[in-house]
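Subject: Structure handover

Hello,

Here is the structure for you to look over. My notes on what was found in it follow below.

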Amino acid sequence: MLYLLAAIGAIAVIVLLWRAFVARPASVSPRRTSRSVAPDDDPEFLRRLGERKPRPDDDKKPPPA
């Protein structure tokens, strides 16, 4: 009976050490807090791009500072 308890305890310790120190499988990916957005899908990028692009009718005005 003592050997059975020792075996169960040893298995429990091995499992805990395994879970603590062995690398996680590749299928488990870290969670991302934000999703990356392509530039053409980002409304802020498109707005800034439109502000920087000179318009043909604005040739007489100086560019914004």
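This is a predicted model: local features need pLDDT of at least 70, side-chain atom pairs count only at pLDDT 80 or more; totals for chains, interfaces and linings use all residues.

The chain as a whole

The chain has 65 residues, and buried residues make up 0% of them. Its secondary structure consists of 2 helices and 0 strands. The chain exposes about 7100 Å², with carbon and sulfur atoms supplying 64% of that area.

Helix α1 and the residue before it

Helix α1 covers residues 2–21. It has 20 residues and reaches 28 Å from its first C-alpha to its last, which is close to the 28 Å expected at 1.5 Å a residue. The number of buried residues in α1 is 0, so the helix lies largely in the open.

Met-1 sits in the segment before α1. Met-1 counts as exposed because its relative accessibility is 75%, and the exposed class begins over 50%. Met-1 is also part of a nonpolar patch on the surface, together with Leu-4, Leu-5 and Ile-8. The accessible area of these residues together is about 470 Å².

Side chains of opposite charge can pair when their charged atoms come close. Here the count comes to 1 salt bridge, and it joins Glu-44 to Arg-47. Their closest N and O atoms are 2.4 Å apart, where the cut-off for a salt bridge is 4 Å. The side chains of Arg-47 and Glu-44 also make a polar contact, at 2.4 Å.

Where do Glu-44 and Arg-47 lie? Both are in helix α2, which spans residues 43–52. They are 3 residues apart, about one turn of the helix.

As for how open the pair is, Glu-44 is partly exposed, with a relative accessible area of 38%. Arg-47 falls in the partly exposed class as well, at 41%.

In short

Regards

Key
Residues are numbered from 1 along each chain as its sequence is written. Side-chain values use heavy atoms; hydrogens and water are left out. Helices (H or I, at least four residues) and strands (E, at least two) are DSSP runs, numbered from the N terminus. Buried means under 20% relative accessible area, exposed over 50%, partly exposed in between (1.4 Å probe, protein chains only). Accessible areas come from the Shrake-Rupley method with a 1.4 Å probe; for residues, only the protein chains shown count as cover. Patches are made of residues with over 30% relative accessible area and no salt bridge: like charges are joined within 9 Å, nonpolar side chains (Val, Leu, Ile, Met, Phe, Trp, Tyr) within 5 Å. A salt bridge is a side-chain nitrogen of Lys or Arg within 4 Å of a carboxyl oxygen of Asp or Glu. The expected span of a helix is 1.5 Å times one less than its number of residues. A polar contact is a pair of N or O atoms within 3.5 Å; within protein, one must be able to donate a hydrogen and the other to accept it, and residues adjacent in sequence count only if both atoms are side-chain atoms.
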